[in-house]
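Morning, everyone. Please take a look at the structure on the screen, and then we'll walk through it.

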Amino acid sequence: MSVESVTIEGARERWVRTGGVELCVAELGDASQPTVLLVHGYPDSKEVWSEVAKRLAERFHVVLYDVRGHGRSTAPAPLRGGFTLEKLTDDFLAVADAVSPDRPVHLVGHDWGSVQGWEFATVQRTQGRIASFTSMSGPSLDHFGHWIKNRMSRPTPRRAAQLIGQGAKSWYVYMLHTPVLPELAWRGPLGKRWPSMLQRLEKVPADGYPTGSLPQDAAHGAWLYRDNVRARLRRPRPDAFAHVPVQLITPLDDAFLSPQLYAELEQWAPQLIRRTLPAKHWVPRTRPDQLAAWISEFVRTNEDGTPARDTVATGPYADRFGGQLVLVTGAASGIGRATAFAFAEAGARIVAVDRDAEGATRTAEMSRLIGAPEAWGEAVDVSDEQAMEKLAEKVATEYGVVDVLVNNAGIGLSGSFFDTTAEDWKKVLDVNLWGVIHGCRIFGRQMAERGQGGHIVNTASAAAYQPSRALPAYSTSKAAVLMLSECLRAELAGRGIGVSAICPGLVNTNITSTTHFAGADAQEEKRLQKKTSRLYGLRNFPPEKVASAILRAVVKNQAVVPVTPEARGAHLLSRFAPRTLRAIARLEPPL
């Protein structure tokens, strides 16, 4: 073993000799901890993992190596036949034996690193050397071959569409099988333009990746395809069953691989859990925080000996939100509490925020019981800008950057325009509008600066587009929230941050019992609150349904989401029959 110069900050490098090649291996973290071994894809080198590796190194012994012919590892001679999965398996075993001779490693692969990983996780000679496998953006060639054969032997319109769709996404595979041309392209104009193409098309940060070895890596890596793809797709192994727990992370906007490729994966990987990300192909560079969190959780789970399936939340969208950090304002009751619980059921980490400290703490405690791996209650008045600034600083320092922000805190105000005082206006705008502005500005800026996407949900109301003579101040505040959401959605789209405005109608929450009625004395206000609560109770639309709509809005990146039949009806009228809606607004409320 010889030590060479370091290419990843803080890494220790060594060389592993195997099968006529020398592999450059980098190690980070405490070697006494469980080993996480990261395998890169095409046309990458080990540096694609640098951001994920440094996060994992805080807890684990992290190992990266340049696949033969890539980065600083030497290439086989001759190239033809030197990149078969059998030889790549030899390389993996040599590295694993060198860096973790006495303990199995936790394998993580991206792109062709994942293709290799499936081979390592399914062949008999690696049994006992792998503790778990995290796969992303790279299917098993054997599974892929069976997937194609199943659709060709039992064709249906849907299966034919899947074949055609994946065939179109795989255009580059055909190109890489042509002789000489790929090598010329990579060593010429394509190699020079590739970094800017990744930045423009994949939103990969311009931070020194890819490395200068890219043209050579890509030229050598073409043999990964030529040595393996056609042979395995024609004659896929019938025994390609994973003998380790598998975590599948699927980027939903992958330009090269369809999510349908993994539809039948449970039959090949009995101990499978699924995760999904609204991201493109190069997630090790664009979403390192989320990958590091999921990999850490999966490794810890398997180190503790707990079956993977039992540790993952089972609520709707658990594959999407598991491990993500979600902050909900107005979380002590009503829609806010229901939303915190829904995200908790999906395995998210919860920050429950409310000016009611006891209620926020109770929501956090219940969230942990429901399924949140971690949850915290924070007492903050969202209308207080300085308090929100301090909250954001604390959350970022202690819990991380928020992945999903739900600006839900709000208060009710009813009464005629002339009965509504300036103080009434200030109070409702401070909470309903400025509270949302503070949340979007402070937490949204953190999301944007992190550069890994996210989502903002703002709770507006059907009152945002349905005028009412009884709700001038409240409706104005919610209409402003709706327009703010639309403007932010346009501005943040290029940064991978979605924005949704949720517009509930009559929902059975305690906001009615605390609504202020302008112009009414204390006794009359109590009567009106009681009557309004009774009407909403008779309507009995539960806040849990609004919470479900919020999760769905994030998953589908919906812009404006009316919730309840009356909200949807008013939204349609506002677009196609506004005069009817104005006529309804003139009616005296039934109070």
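Which residues are buried in H2? Keep in mind that this is a predicted model. Here is the list. Leu-85, Leu-88 and Thr-89 are buried in H2. Asp-91, Phe-92, Leu-93, Ala-94, Val-95 and Ala-96 are buried too, and so is Val-99. The helix itself covers residues 85–99, which makes 15 residues. From its first C-alpha to its last, H2 reaches 21 Å, close to the 21 Å expected at 1.5 Å a residue.

Now let's step back to the chain. Its secondary structure comes to 22 helices and 17 strands. For 591 residues, a compact globule would have a radius of gyration near 25 Å; the chain has 27 Å, which agrees. Along the principal axes, the C-alpha atoms fill a box of roughly 90 × 50 × 45 Å. Of the 591 residues, 56% count as buried. Take the contacts between residues at least 6 apart in sequence: 76% of them join residues at least 24 apart.

Next, the surface and the charges. The chain exposes about 25200 Å², and carbon and sulfur atoms supply 55% of that. There are 69 positive and 62 negative side chains, and the centres of the two sets lie 7 Å apart.

One last residue. Val-561 sits in strand S17, residues 560–563. Why does Val-561 count as buried? Because its relative accessibility is 8%, and buried means under 20%. Beyond its neighbours within four places in sequence, Val-561 is in contact with Ala-501, Ile-502, Cys-503, Ala-549 and Ala-553. Val-561 and Phe-92 are 469 residues apart in sequence and 49 Å apart in space, C-alpha to C-alpha.

How values were computed. Residues are numbered from 1 along each chain as its sequence is written. This is a predicted model: local features need pLDDT of at least 70, side-chain atom pairs count only at pLDDT 80 or more; totals for chains, interfaces and linings use all residues. Side-chain values use heavy atoms; hydrogens and water are left out. Helices (H or I, at least four residues) and strands (E, at least two) are DSSP runs, numbered from the N terminus. The radius of gyration is taken over C-alpha atoms; the globule rule is 2.2 Å times the number of residues to the power 0.38. Buried means under 20% relative accessible area, exposed over 50%, partly exposed in between (1.4 Å probe, protein chains only). Contact means heavy atoms within 4.5 Å. Accessible areas come from the Shrake-Rupley method with a 1.4 Å probe; for residues, only the protein chains shown count as cover. Lys and Arg count as positive and Asp and Glu as negative; His and the chain ends are not counted. The place of a charge is taken as NZ of Lys, CZ of Arg, CG of Asp or CD of Glu. The expected span of a helix is 1.5 Å times one less than its number of residues.
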